[in-house]
Amino acid sequence: MLDLVLKQLRYNSFRSLLTVLAIAAVIAEILILEGFLAGLYKQLQSAVLNRNADVIVSQTGISNFLASRSILPQLTRRDVEDVEGVKEAHPLTALSVIYSQGGRSMPIIIFVHDAIGGPTEIIAGGPVVSDRGIVIDQGLSRKFGLKPGDNITISDFDFKISGVSSRSAAFFTPFAFIVYDDLIDFYLESDVADDIATFPLLSFLLVDVEEGADPQAVAARIEKTVDVADAFLPDQLARNDEDMGRELMGPILGLLIVVSYGTGALVVGMFMFATIRARLPSLGVMRALGFKPRTLGAAVVLEAGLLTIFALPIGILLSLGLANIIHDLSPIYLILPVEPTAVVRTAIVCLALASIGALAPVRMIARLDPAVVFRS
Amino acid sequence: MLMWTLKGLVAAPLQLLASVGAIAGAFSLILFFQAVFAGESDQIVAYIEKSDADVWVMQKGVSNMHMASSFISDWKAQKIETVDGVSKVTPILYLNTVMVAGERHWFSFIVGLNKGDSRAGPWEMAAGQALPGPSEAVVPAVLARLANLKTGDQVSIADRDFRIVGLSENTFSMANSITFIAMDDLSDIMSTFGSFSYLLVDAEPGVDPIALAARLQSDVEKINALTRAEFTNNDWKIAMQMGLEVVSIMTIIGGGLALLLIAFTAYNHVGQRERELAMMKAMGVRNRSIYASIMFQIGVITTLAFLAAILIVVVAIPLTAWLVPQITLRLTLDALFQVGTAAFIVSLLAAIVPVRKLVNVDPVTAFQA
């Protein structure tokens with residue numbers, strides 16, 4: 001039977017190719033959407049994990065890293081460093097500002113960092129070494145044509161771009177990194193604060209624990225000792241942000257994925273239906289030759305399965321290519337199209353849909369009168 | 001020729017229906033994306049529009065509300081009150097943070113309202129009171145429903161508990177859920193005293209908001225004063241810009257899919273009628289007429305699919321509002337125009353496949369059979 005099916009596919013190779021391409025396009029489209037959601041969650045996690053701390057301390061009651069405003073009193077750093085097991089507490093300040101250039105605007109988050117907490121992957125230029133230096137995410141760099149050495153004006157304050165980083169964006173928002181030496185100048189000289197007292201000087205503390213100390217125990221001790229602060233293991237804080245992302249974006253992207261599956265169902269079903277229906281005369285000949293409708297039905301479902309199996313790697317490659325193109329064009333989006341669960345789910349759905357689409361004309365085969373073939 | 005074309009279209013109605021349905025699916029995917037972003041962008045500016053201030057005053061260098069932070073000293077509010085043409089100044093504090101409600105975390109914009117002044121508060125209530133007192137909150141009715149909460153229950157903002165005293169309408173969307181609390185409470189949370197985030201300025205009757213904004217800008221140092229229209233437009237633009245790339249990507253993917261589908265349908269269509277076409281060529285029907293006929297058929301299929309896509313999305317909008325109330329959808333004329341243009345281009349490109357096939361049809365085959 002496999003031989004028969006392969007011959008059928010080869011007989012009209014262009015049609016077979018079109019069908020494989022269409023199913024591959026459906027697979028790619030679904031994988032891109034699934035990958036978009038997976039990438040969004042990954043970025044939310046990475047924003048926390050890339051700060052490279054053993055424990056992260058926030059304002060009491062603030063259990064998220066992004067999308068929340070955390071303000072710690074200056075003295076918290078000293079209090080935290082006094083806690084047993086803490087080697088060093090590095091300050092980190094997060095500022096949300098809007099960057100505008102040439103009539104276009106983009107929200108950015110500026111992280112003011114000390115020894116740790118800065119960019120983890122600099123792809124052009126280098127880290128901040130001079131006054132007013134800034135490292136920007138490649139999403140911002142690409143969108144506004146900014147490169148190392150260029151000046152960037154944020155809230156009327158001129159920074160000089162020292163480097164461009166990758167994997168430093170989340171929630172459709174690129175990050176930028178500056179050092180503490182420039183923070184006060186930024187506050188005083190720019191328009192960012194009417195009154196410096198209103199803006200945070202310290203948002204989080206990134207804690208290094210002493211060698212051999214258990215981060216969880218250290219976090220518990222910080223919670224107990226420092227009233228104004230909450231302490232989290234980075235994994236926990238990352239999970240909190242991911243959960244917030246799921247709550248916020250899950251329904252909408254979930255709905256869009258459902259719509260994509262619906263569209264995919266229509267497309268794959270229609271292709272198989274049209275492919276099989278166009279071959280009704282030859283199927284009629286086979287019936288006249290004594291093939292049972294059940295055998296022909298099985299052959300048709302096998303054909304649908306084979307087409308989907310051929311389409312699957314092409315769809316995956318297509319989705320990887322598209323994901324790369326999207327990331328190149330707009331690096332603030334991270335698309336992870338080959339998450340195993342999504343690939344398996346998409347493959348199963350497409351196989352099922354192709355089989356259903358192919359089975360629809362099987363009823364026509366069953367009702368096909370072999371004599372018609374000879375009459376025509 | 002016209003009759004042949006029409007007959008060709010309806011020769012296999014089930015196949016035509018399946019083709020139209022599948023292509024409509026690809027178009028509706030694009031329309032759906034556009035509707036999501038348009039709906040969300042509308043919701044993002046809902047507070048600015050509904051609070052209906054003539055002029056918005058904020059910190060210099062800030063020109064929008066969504067994802068921004070602004071701080072303006074309280075003495076500036078007093079100064080603005082004395083400016084000619086100003087009828088009322090209503091300050092608000094504003095913070096975007098994560099709120100805990102019903103054991104779930106919700107991203108929310110928290111608006112701090114001045115004691116006893118509901119001017120900047122919710123514009124439509126589902127239940128309870130519109131003005132929160134100390135340790136009280138007015139939350140969106142949709143959020144309360146999703147979190148299984150009612151008036152009298154508690155929500156938590158930055159570890160502080162607030163009792164729900166009111167449920168507001170039209171204040172919830174995926175990216176812009178608005179919670180109202182007392183300004184003093186929000187000041188405490190933000191550790192901000194003696195400053196506000198934004199000032200809502202009402203003009204005296206007959207005063208031009210544009211002129212008033214300009215006057216405020218020149219009279220008060222280090223502020224930015226924008227008319228409601230400008231302020232709305234700034235926020236709407238930033239929301240659309242954030243979504244634009246995603247929408248463009250999905251338009252290209254959906255368009256590519258539609259292109260394949262239409263090309264396949266047309267190819268299938270021509271393939272099934274190859275002998276007829278050979279016969280027509282042999283009978284002297286000019287290629288141009290046959291091409292026109294095929295183009296017409298593709299045009300009809302694309303148009304039907306486009307109309308079906310609109311119908312699908314129009315039906316999906318109320319259905320989505322019912323099933324997933326946190327999502328706001330809006331179909332815009334712009335979106336229809338864009339998808340319509342994409343459909344036209346796609347149908348032209350898709351015609352290349354059958355036309356190429358037609359060129360290769362040899363009239364002699366009509367007599368060989």
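The side chains of B:R104 and A:E247 meet in a salt bridge at 2.5 Å, N to O, where the term denotes a side-chain nitrogen of Lys or Arg within 4 Å of a carboxyl oxygen of Asp or Glu. The rule finds one salt bridge across the interface of chain A and chain B. On the side of chain A that touches chain B, two or more residues each come from helix 2 (13-49), strand 2 (86-101), strand 3 (104-113), helix 7 (234-278) and helix 9 (293-329); helices (H or I, at least four residues) and strands (E, at least two) are DSSP runs numbered from the N terminus. Helix 7 of chain A gives the most to this side, with 20 residues.

This is a predicted model, in which local features need pLDDT of at least 70 and side-chain atom pairs count only at pLDDT 80 or more, while totals for chains, interfaces and linings use all residues. Residues are numbered from 1 along each chain as its sequence is written, chains are lettered from A and ligands numbered from 1 in the order in which they are written, and side-chain values use heavy atoms, with hydrogens and water left out.

In total, 69 residues of chain A are in contact (heavy atoms within 4.5 Å) with 64 residues of chain B.

Attention now turns to chain B. B:I345 is found in helix 11 of chain B. This residue is partly exposed, because its relative accessible area is 44%, which lies between the limits for buried (under 20%) and exposed (over 50%), with a 1.4 Å probe and protein chains only.
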